[in-house]
Structures are given as C-alpha cells and as structure tokens.
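Trainee: Could you walk me through this model, one feature at a time?

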Amino acid sequence: MKKILFVASTLFIAGQVQAGPITPCTQANLNGSYVVYNAAVNSQTLNHNGRCEININAGVLSGTCVFGTNSSGQPGYNGPVHGTAVMNTNCSADVTMGFDPVPGVVHIDSNFDLQFSPNKESFVGSFGNNFGVQGVTNGTRFNPQLPSTPAQ
C-alpha cells in the first residue's frame, strides 16, 4: 500500500510541476487578430449567425462581419464593426462591438462576455445586443496575412 501511495503522490507532484505557473492576463494579451463565430439562441425571426474578422489593439476593436440570411431569405449585415475590448486579470474579457446596418437609422451594440483559454489563443462566451438578441460566440487568433487557399 505504501508503494501505491508513493507512486500516486509522485505522479501528482510531477503533474503539478509540468502545469507551469499561472499568470494573470493583461490588456496586452488581448491585442491581435481574431476570427469570431456568433449564433443567436433566442431569435427565431432573425436566424442570426455570423463570422467576423476583427483586430484588437490597445482596447480598440475594428473589423468586418458577415451575417447569414434571415428566415425570410434576406441577406444579413455585411460590413464594418467597431468597438472596445478590456481583458480582466482572470482572462475573461468584456467586449462591445457596434455596427450600423442602416447608417444613421439603425445602430446595434453587442456586448460580449468572453473567457480565454489558458494559452490566450482562443475564447468562448456569450453576447446580447440592444435589440434583445442573445447568443453564443467563440473565436481564435488568426493571421490575416495568410492566403485563403487549400492546404496541401
């Protein structure tokens, strides 16, 4: 029994050492380019889904989004987005993304609650906007310089 406990405690300690130090996130960890996928969970009429390519630099968000067609077959928004992003020390982030589907008439702000992975390369989360749409989101870092060609 002592041998089993010794082996188990050795494995536990080795696992703890390999995990590495846990470091708090900083605002600088948020800087970069991301591809983001969104899907509404409470909106039957909008059929809201989208793909965005965004860049965050020093808390300023910019990019473009393309949303799918609605239940009537009308194409969704396709255009620029802007906003702000703040990283918290626990690697959660608060992001506001705004866009104008009908400039000067309709403005939409979506508020995102994100949780980054320990390596700070991807996230999952939820969003809600000022029209009552709520949904889920996920994203990962990407390099906009790479060409969109099939990998060999």
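Mentor: Eight strands, E1-E2-E3-E4-E5-E6-E7-E8, form a closed barrel with antiparallel pairing. From one strand to the next, the twist averages 30°, an angle between N-to-C directions of axes fitted to C-alpha atoms, on a scale from 0 to 180 degrees. Strands are DSSP runs (E, at least two residues) numbered from the N terminus, and two of them pair if DSSP finds at least two bridges between them. This is a predicted model, where local features need pLDDT of at least 70, side-chain atom pairs count only at pLDDT 80 or more, and totals for chains, interfaces and linings use all residues. Residues are numbered from 1 along each chain as its sequence is written, and side-chain values use heavy atoms, leaving out hydrogens and water.

Trainee: How many bridges join E2 to E3?

Mentor: In general, strands of a sheet pair through backbone hydrogen bonds, either parallel or antiparallel. Here eight bridges join E2 (residues 49-57) to E3 (residues 60-67), and the two run antiparallel. Glu-53 stands opposite Thr-64 in E3.

Trainee: Is Ser-92 buried or exposed?

Mentor: Buried means under 20% relative accessible area, exposed over 50%, and partly exposed in between, with a 1.4 Å probe and protein chains only. Ser-92 lies in strand E5 and is buried, at 11%. Contact means heavy atoms within 4.5 Å; apart from neighbours within four places in sequence, Ser-92 is in contact with Val-86, Met-87, Leu-114 and Gln-115.

Technical notes. Helices (H or I, at least four residues) and strands (E, at least two) are DSSP runs, numbered from the N terminus.
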